[in-house]
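Please open the model in your viewer and keep the sequence panel beside it. The tour below moves from one selection to the next and says what is to be found at each stop.

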Amino acid sequence: MKTIYKNIQSSILKGKKLLAVLIDPDKFSVKNTKRFIEKVNQSIATYVFVGGSTVDDDATDRLVLEIKKHTALPVVLFPGDVTQITEHADALLFLSLISGRNPTYLIGKHVEAVSKLKNTNLEIIPTGYILIESGKITAVENVTETKPISRNDIENIVDTSIAGQLLGMKLIYLEAGSGAKAPLTNTLISQVKKELQIPLIVGGGIRNKNQLENAFNSGADLVVIGTAFEDDESFFDNLK
Ligand code: 1GP
């Protein structure tokens, strides 16, 4: 049943905030899945996202199959490349990197993905992905060969988000980059949120409960956290 996007929308209407735990198959050992996912299950997390900038072929498929054994939470692909598409997940963020001007990541990879997607039952959610400068060069920047938008250029970020919405994207994802030194500012999140009628995802550099609440209170509907859980699983204990 393709209900993930509808559930995001209805949660927002009820004022419920959503949290995705991001697992990067490149940095995660499959043998730790059961223990890690048990912690996810006991936390306030509502989704498991799986993806990374560079991942070995088949690693995503193996990991998703293992995750599905241990949780009822929806598993959503957040792919850095076509090789990360697996039919064993529930949904796919069909990301177009609209902050950049590299045609490969605006539409090229998407065309390449079609033959694979035709054979899956994944719920495909068109997502405008906006990379914002975070004080260090991130993997996304390197892999996609695009420049992030300056975090001070709020007008450009807001206009890019609106353009994504006007193009028919169903989600906007503001990305500071995995392991960003600092999360996106409250002002930036709230300025973007004010202009959107579609759900807003925020991720990158969120490492504690205070930063998570700031993002939610500023208007993020769904927050994505990866590195903080990778570095210290006891962070889950604060999120019960
Ligand atoms: C990365 O936004 C996600 O794509 C999560 O970032 O790893 O910094 O939590 P972190």
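**Stop one: the ligand**

Select the ligand together with Gly-226, where a backbone N or O atom of this glycine lies 2.8 Å from an oxygen atom of the ligand, a polar contact being a pair of N or O atoms within 3.5 Å, with the further conditions within protein that one atom must be able to donate a hydrogen and the other to accept it, and that residues adjacent in sequence count only if both atoms are side-chain atoms. This is a predicted model, in which local features need pLDDT of at least 70 and side-chain atom pairs count only at pLDDT 80 or more, while totals for chains, interfaces and linings use all residues. Residues are numbered from 1 along each chain as its sequence is written, and side-chain values use heavy atoms, with hydrogens and water left out.

To see the surroundings, display the 14 residues around the ligand, the closest of which are Glu-175, Gly-179, Gly-205, Gly-226 and Thr-227; a residue belongs here if one of its heavy atoms lies within 4 Å of the ligand.

**Stop two: the barrel**

Now switch to a cartoon view, in which the chain shows nine helices and eight strands, these being DSSP runs numbered from the N terminus (helices H or I, at least four residues; strands E, at least two). The eight strands close into a barrel in the order E1-E2-E3-E4-E5-E6-E7-E8, with parallel pairing, where two strands pair if DSSP finds at least two bridges between them. Neighbouring strands of this sheet are turned by 30° against each other on average, direction ignored.

Select residues 18-23 and 47-50, which are strands E1 and E2, running parallel and joined by four bridges; Ala-20 stands opposite Tyr-47 in E2. Next, colour helix H4 (residues 103-117), which packs on the sheet by touching strands E4 (91-97) and E5 (123-131), its direction making about 155° with that of E4. Contact means heavy atoms within 4.5 Å, and the axes are lines fitted to C-alpha atoms, for helices over the stretch in contact, with angles from 0 to 180 degrees between N-to-C directions.

**Stop three: the loops**

Move to the loop between E2 and H3, where Thr-54 is placed and, leaving aside residues up to four places away in sequence, touches Asp-26 and Val-143. In that loop also lies Asp-58, which has a positive phi of about 75° although it is not a glycine.
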